[in-house]
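Here's a quick briefing to read alongside the sequence and the 3D view. Have a look around the structure before you go through the points.

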Amino acid sequence: MKSGVPDEKSPGVPLAPSFRLPCFGRADMLGGMEASDSRPARVLVLYHSQEGHTKMMADLVAEGAGSVPTTEVRLKSVAEATADDLEWCDGVAAGSPTHMGSIAWEMKRWWDVTARPLWPKIEGKLGCAFSSAGGLAGGGELTCLALDLVLMNFGLLVFGAPDYTAPGQTLHYGAVCAGRPRTEGEREACRRLGRRLAEWVQVLVCHRPEFAPQQAAYARFP
Ligand SMILES: Cc1cc2nc3c(=O)[nH]c(=O)nc-3n(C[C@H](O)[C@H](O)[C@H](O)COP(=O)(O)O)c2cc1C
């Protein structure tokens, strides 16, 4: 088997050794800068919350990211976060309440104004989304996709997760709740999103293939 590529003699899922993000990770490309291979993964959980529900989700996303060893997490509202926080991180989880089926203006403004000077300097970081809506089918997933569009505009690599965290509870396009996270499945979907972000940063940026979700010890499809 060539590096990471399955063939007839050794079928299976190609794992991380073949995945490499070259831009801000490789020790040999960074001169005097700190190499991402030898430092913690850096995750920013960036949120806006008017009534507290998205903040509850953000806390759980941060908890999930922080559960991955050798990971530093910054949890900040759009009122607190600066462009430096975005530049610092390897991956960002962006969370907004669903307002009129899309991103709350406060979160959109943060990207339009605060993050704008970094465009397109942050290309290649990882990104994912979460949202609290008023109810099921209120637009939570649309808001995740709208957030993803913003992240993609900056050149971020966005992802969802195929996992289920309980029967009938997934996070394919990001974590979504109706109101606050009420069930353990909903809470775990938020944690899983943060954990997955940290895992992919570990694999793709810090070059630690042992964190690949394909090798996860926890149940991904209960
Ligand atoms: C201006 C405004 C617009 C909203 N639009 C929607 C909507 O389109 N769909 C929906 O399901 N809920 C909508 N809601 C409800 C919020 O998404 C919901 O209460 C959410 O849980 C609030 O999250 P937060 O506590 O983090 O602010 C809206 C609320 C406000 C204030």
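Helix α5 is largely enclosed by the rest of the structure, because 20 of its 22 residues are buried. Keep in mind that what you're looking at is a predicted model.

**Helix α5**
- Does its length make sense, or what should we expect? At 1.5 Å a residue, the 22 residues of α5 should span 32 Å, and the end C-alpha atoms sit 30 Å apart, which agrees.
- Just after α5 comes His 207, which takes a positive phi of about 60 degrees.

**The nonpolar core**
- In soluble globular proteins, nonpolar side chains tend to be buried together.
- Here, the largest nonpolar core counts 60 residues.
- Which residues have the most contacts inside it? They are Val 43, Val 45, Val 61, Phe 130, Leu 193, Leu 197 and Val 201.
- Pick out Leu 197 and skip its neighbours within four places in sequence: you'll see contacts with Val 43, Ala 65, Gly 91, Ala 93, Leu 126 and Cys 128.

**The overall fold**
- The protein chain has five helices and nine strands, and along the sequence they follow the pattern β-α-β-α-β-β-α-β-α-β-β-β-β-α.
- Of the 222 residues in the protein chain, 44% are buried.
- Take the contacts between residues at least 6 apart in sequence: 73% of them join residues at least 24 apart.

**Around the ligand**
- The ligand is surrounded by 18 residues, and the closest are Glu 51, Thr 54, Pro 97, Gly 134 and Gly 138.
- What kinds of residues make up this shell? It divides into three nonpolar, 14 polar and one charged.
- At least two shell residues come from each of α1 (53-66), β3 (91-99) and β5 (126-133).
- Strand β3 gives the most to the shell, with three residues.

**How confident is the predictor?**
- The average pLDDT of the protein chain is 89, and 85% of the residues score at least 70.
- Residues 25-32 have a pLDDT below 50, and this stretch has nine contacts in the model beyond near neighbours in sequence.
- Over residues 1-19 the pLDDT stays under 50, and the model has 25 contacts beyond four places in sequence for them.

Technical notes. Residues are numbered from 1 along each chain as its sequence is written. This is a predicted model: local features need pLDDT of at least 70, side-chain atom pairs count only at pLDDT 80 or more; totals for chains, interfaces and linings use all residues. A residue is near a molecule or strand if its C-beta atom, placed from the backbone, lies within 6 Å of it. Helices (H or I, at least four residues) and strands (E, at least two) are DSSP runs, numbered from the N terminus. Ala, Val, Leu, Ile, Met, Phe, Trp, Tyr, Cys and Pro count as nonpolar, Asp, Glu, Lys and Arg as charged, and the others, Gly among them, as polar. A residue is buried if 20 or more other C-beta atoms lie within 10 Å of its own, exposed if 12 or fewer, and partly exposed in between; C-beta atoms are placed from the backbone. Two residues are in contact if their C-beta atoms, placed from the backbone, lie within 7 Å. A nonpolar core is a set of buried Ala, Val, Leu, Ile, Met, Phe, Trp, Tyr and Cys residues joined through C-beta atoms within 7 Å. The expected span of a helix is 1.5 Å times one less than its number of residues. pLDDT is the predictor's confidence in each residue, from 0 to 100.
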